[in-house]
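Dear colleague,

I am handing over the structure below, together with some notes on what was found in it. Please read the notes with the model open beside them.

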Amino acid sequence: MKAKSALSALPSLFALAICSVTSQVVALEDNNDPWEGFNRKVFAFNDGLDRYVLRPVAVGYNYITPEFVDNSVTSMYSNAGEVLVVANDVAQFKLTQALSDTARFIINSTVGFFGVFDVASSIGLERHDEDFGQTLGYWGVGSGPYIVLPFLGPRTVRDVAGNAVDYSSNLSYAYFGNNYAQDAALLGLKIVDLRSDLIASEGLISGDKYIFFRSAYLQRREYLINDGVSEDAFDDEFDVFGDE
């Protein structure tokens with residue numbers, strides 16, 4: 001009888017653990033969001049801009065753009081960012097990855113016709129995502145408070161500094177035009193292409209939209225900085241259940 005009682009209590013214990021972990025994660029995020037009042041106002045502005053301007057443009061882009069062309073545009077921008085990725089690989093002493101990403105850039109820029117075709121991925125050269133915000137995290141710089149910027153969206157103070165360095169390095173695709181108008185057009189196409197790729201994922205959004213995006217952004221950045229090794233409350237909390 002005692003064994004049965006213990007087994008019947010497991011679902012309740014599991015539910016309590018989930019609630020405990022969830023509250024810990026929310027508390028950690030809240031501590032990193034001291035400017036929530038300001039951030040929510042900027043988020044509402046960005047959300048309105050997306051709803052009435054950017055999303056309709058992205059929907060139209062998806063409607064008139066064949067899938068292979070859309071994939072080529074995405075691949076082209078990815079290839080344009082490889083030089084910046086390699087620079088941050090080296091800054092983080094990921095030398096093997098730097099060689100791989102250099103090979104990706106050379107192959108896709110030549111055989112792949114300036115990145116229009118992602119030939120490197122088809123031969124097993126994996127794409128990596130590195131930026132100076134991650135480099136700062138690698139060297140132990142704290143993330144700083146969470147902030148939502150007009151037009152640019154969610155960031156941390158560390159990522160704002162990282163974005164500034166990436167942009168000022170002259171390695172960004174935003175400098176590929178011959179004048180400011182062309183630079184703006186390239187950046188605009190990049191934003192529309194990215195937004196169009198996110199339309200299929202909109203059904204995943206649930207609950208408080210602000211908190212959903214904040215959580216998604218912070219967890220994604222932690223994942224990238226730690227190269228896929230996530231240290232969170234779940235590990236310690238579920239040790240109570242042992243190997244089972």
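I begin with His-128, which lies in the loop between helix H6 (119-122) and helix H7 (132-138); helices here are DSSP runs of H or I with at least four residues, strands are runs of E with at least two, and both are numbered from the N terminus. This is a predicted model, in which local features need pLDDT of at least 70 and side-chain atom pairs count only at pLDDT 80 or more, while totals for chains, interfaces and linings use all residues. Residues are numbered from 1 along each chain as its sequence is written, and side-chain values use heavy atoms, with hydrogens and water left out.

His-128 counts as buried because its relative accessibility is 18%, where buried means under 20% relative accessible area, exposed over 50% and partly exposed in between, with a 1.4 Å probe and protein chains only.

Phe-93, between helix H4 (82-91) and helix H5 (95-110), has a positive phi of about 60 degrees although it is not a glycine, and at 55% relative accessibility it counts as exposed. Phe-113, in the loop between H5 and H6, likewise is not a glycine and has a positive phi, of about 55 degrees; its relative accessible area is 52%, so Phe-113 is exposed.

As for the whole chain, the protein has eleven helices and two strands, which follow the pattern α-α-α-α-α-α-α-β-β-α-α-α-α along the sequence. Of its 244 residues, 32% count as buried. Among contacts with a separation of 6 or more, 68% are accounted for by residues 24 or more positions apart.

With kind regards

Methods
Contact means heavy atoms within 4.5 Å.
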